[in-house]
Amino acid sequence: MRLKQRDIDAIRLAARTTFGDTASVSLFGSRLRDDLRGGDIDLLIEADPSVEAEWRRVGAFRDLLFRHIDEQKVDVVLIERGRAPSAFARLVQPQARPLP
């Protein structure tokens with residue numbers, strides 16, 4: 001997993017603040033491979049549903065995250081518990097690994 005500890009801590013803080021204490025965050029994509037370099041940060045977040053629109057929640061998460069780490073390409077896939085995940089979420093979920 002190619003993430004610095006400070007980035008992991010910032011992701012956890014932003015997720016907990018934005019999505020609540022029960023949110024879980026996993027990494028998927030190229031950052032899971034130690035033999036590669038670069039690449040965006042692909043996150044799969046599972047959280048309790050909210051009345052707030054998904055795009056607002058993800059936007060608030062990114063805003064908070066970029067206060068703590070350098071702004072870079074971060075892709076977020078949100079799964080709201082109790083709701084059917086998107087086809088893309090179902091595709092990446094098996095390869096996603098929880099943040100350490």
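Colleague: What is the relative accessible area of arginine 6?
Modeller: This is a predicted model, where local features need pLDDT of at least 70, side-chain atom pairs count only at pLDDT 80 or more, and totals for chains, interfaces and linings use all residues. Residues are numbered from 1 along each chain as its sequence is written, and side-chain values use heavy atoms, with hydrogens and water left out. Buried means under 20% relative accessible area, exposed over 50%, and partly exposed in between (1.4 Å probe, protein chains only). Arginine 6 is partly exposed, with a value of 42%.

Colleague: Which residue forms a salt bridge with arginine 6?
Modeller: A salt bridge needs a side-chain nitrogen of Lys or Arg within 4 Å of a carboxyl oxygen of Asp or Glu. For arginine 6, the closest N and O atoms of the pair are 4.0 Å apart. The partner is aspartate 70.

Colleague: How far apart in sequence are the parts that arginine 6 and aspartate 70 tie together?
Modeller: Helices (H or I, at least four residues) and strands (E, at least two) are DSSP runs, numbered from the N terminus. Arginine 6 lies in helix α1, while aspartate 70 lies in the loop between α2 and β3. The pair therefore links parts separated by 64 residues.

Colleague: What is the N to O distance in the salt bridge of aspartate 75 and lysine 73?
Modeller: Aspartate 75 is partly exposed at 23%. Lysine 73 is exposed at 52%. Their side chains meet with N and O separated by 2.6 Å.

Colleague: Which residues do salt bridges with shared partners join into one network?
Modeller: The structure holds eight salt bridges. Those that share partners join Arg6, Asp7 and Asp70.

Colleague: How many bridges join β1 to β2?
Modeller: Two strands pair if DSSP finds at least two bridges between them. β1 and β2 (residues 41-47) run antiparallel. In this pairing, serine 24 has glutamate 46 of β2 as its bridge partner. The number of bridges is five.

Colleague: Which residue in β4 stands opposite leucine 27?
Modeller: β1 and β4 (residues 97-98) pair in the antiparallel sense over two bridges. Opposite leucine 27 stands arginine 97.

Colleague: Why is β1 described as largely enclosed by the rest of the structure?
Modeller: The strand covers residues 24-28. It is largely enclosed because, of its five residues, the number buried is four.

Colleague: Is arginine 57 buried or exposed?
Modeller: Arginine 57 sits in helix α2. Contact means heavy atoms within 4.5 Å. Leaving out residues up to four places away in sequence, arginine 57 touches residues including Thr18, Phe19, Leu78 and Glu80. At 4% relative accessibility, arginine 57 counts as buried.

Colleague: Which residue has its backbone oxygen 3.1 Å from a polar side-chain atom of arginine 57?
Modeller: A polar contact is a pair of N or O atoms within 3.5 Å; within protein, one must be able to donate a hydrogen and the other to accept it, and residues adjacent in sequence count only if both atoms are side-chain atoms. The backbone oxygen at 3.1 Å belongs to aspartate 48.
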